[in-house]
Amino acid sequence: MSLVNRLFGAKESSASTARDRLNIMLSHERASNSFPFLDDMRNDIIEVIKKYTSVENVSIRTEQNQNIDILEVEITLGK
Amino acid sequence: MGQVITVTSGKGGVGKSTSLANIAVALADLGQKVIAIDFDIGLRNLDMILGLENRIVYDVVDVMEGNCKLPQAIINDKHSKNLSFLPASQSKDKNILDKAKVNSLVETLKLDYDVILLDSPAGIEGGFEHAIAFADQALVISTPDISSVRDADRVIGIIDAKSLKAQQGDEVTKHIIINRIKPEMVERGDMLSTDDVLKILALPLIGVVPEDEKVISSTNTGEPVVRDEKALSGEAYRRIAQRIMGQEVEFLDLKAKKGIFKRMFA
């Protein structure tokens, strides 16, 4: 920031606001984008389980840490 | 064998076709045999930017549907014998392209040209998928504004998922072009800087193009700005072409023009 801006008390720059908003939004969006195959995989898993037993629901959760991606698959079997 | 370079952005109106036209002309001036293909079916624009709209008889859809032979649809540039152009169809359904036919077209052109530049439509649907499927390299264009950066990020995330090269275990080379940057706004802190955008998108930069009124006037006349020796934006595009050819060229030093008052107190 130049001396002039400082002297006249310019407000915080809009670019830094844009930066922060983008970083927050993109970290969120990237997490949900990183497994584009999720729906297809879920259907495939259901098909496989159906071969052997009855399945009620398959839910897949994703979790991301700094270094690893975790897929948590929960299969609810029918009666 | 020619290499296939796709110019894409996600968001519309950031200067995809304009950039592609200028890079195509600059590459041709460097001695490369170049063909520019407009994949924006139904909304063609590359023809007017290149100033070749009056020469169109057949288009890329005619080629794929077998209404004409490929050489009949290819248009030669007015100035450069190294540059050719294949227009998009204006009237037909945008869903008409078919992956196998796009592939065979691209493979055929690879034999005759050094560089095949594909102009992807905005969005991430069919047209984009066809334009990226056979790319060796992608140039992702973003302006320094929030929506454009966000869409560019999204496109970068799905390029590999849609590309044949990635399916074969290879990777599409990806570079960023930052378009329409205004140095005085960046210095005031009112526009994302080149560094800001690069940090967010996390890909190497291949060019920074300043906002330039000459781009508009050159589009008006159908003479890409890169042919204007004095235009700063033209120089930016010339340098991008050199970098595509593997040369190391400095990036333009984009600084705001300062008034006396500012210069004294800055």
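Let's start with overall dimensions. For 266 residues, a compact globule would have a radius of gyration near 18 Å, and chain B has 18 Å, so the two agree. Keep in mind that this is a predicted model.

Now the extents. The C-alpha trace of chain B spans about 65 × 40 × 35 Å along its principal axes. In secondary structure, chain B has 13 helices and 8 strands.

How much of chain B is buried? Buried residues account for 56% of the 266.

Contacts next. Take the pairs in chain B that lie at least 6 apart in sequence. Of those contacts, 74% join residues at least 24 apart.

Let me zoom in on one helix, H5 of chain B. H5(B) covers residues 99-112, which is 14 residues. From first C-alpha to last, H5(B) reaches 21 Å, close to the 20 Å expected at 1.5 Å a residue.

Look at the start of H5(B). There, a side-chain oxygen of Asp98(B) comes to within 3.0 Å of the backbone nitrogen of Ala100(B).

Which residues of H5(B) are buried? They are Val102(B), Leu105(B), Val106(B), Leu109(B) and Lys110(B). Why do they sit on the same side of H5(B)? Because they cover an arc of only 140° around the axis. Note that a lysine, Lys110(B), is in that buried set.

And the other face? Turned away from the buried side of H5(B), that face carries the exposed residues Ala100(B) and Leu111(B).

Notes. Residues are numbered from 1 along each chain as its sequence is written. Chains are lettered from A and ligands numbered from 1 in the order in which they are written. This is a predicted model: local features need pLDDT of at least 70, side-chain atom pairs count only at pLDDT 80 or more; totals for chains, interfaces and linings use all residues. Side-chain values use heavy atoms; hydrogens and water are left out. Helices (H or I, at least four residues) and strands (E, at least two) are DSSP runs, numbered from the N terminus. The expected span of a helix is 1.5 Å times one less than its number of residues. Buried means under 20% relative accessible area, exposed over 50%, partly exposed in between (1.4 Å probe, protein chains only). The arc is that of the directions from the helix axis to the C-beta atoms. A polar contact is a pair of N or O atoms within 3.5 Å; within protein, one must be able to donate a hydrogen and the other to accept it, and residues adjacent in sequence count only if both atoms are side-chain atoms. The radius of gyration is taken over C-alpha atoms; the globule rule is 2.2 Å times the number of residues to the power 0.38. Contact means heavy atoms within 4.5 Å.
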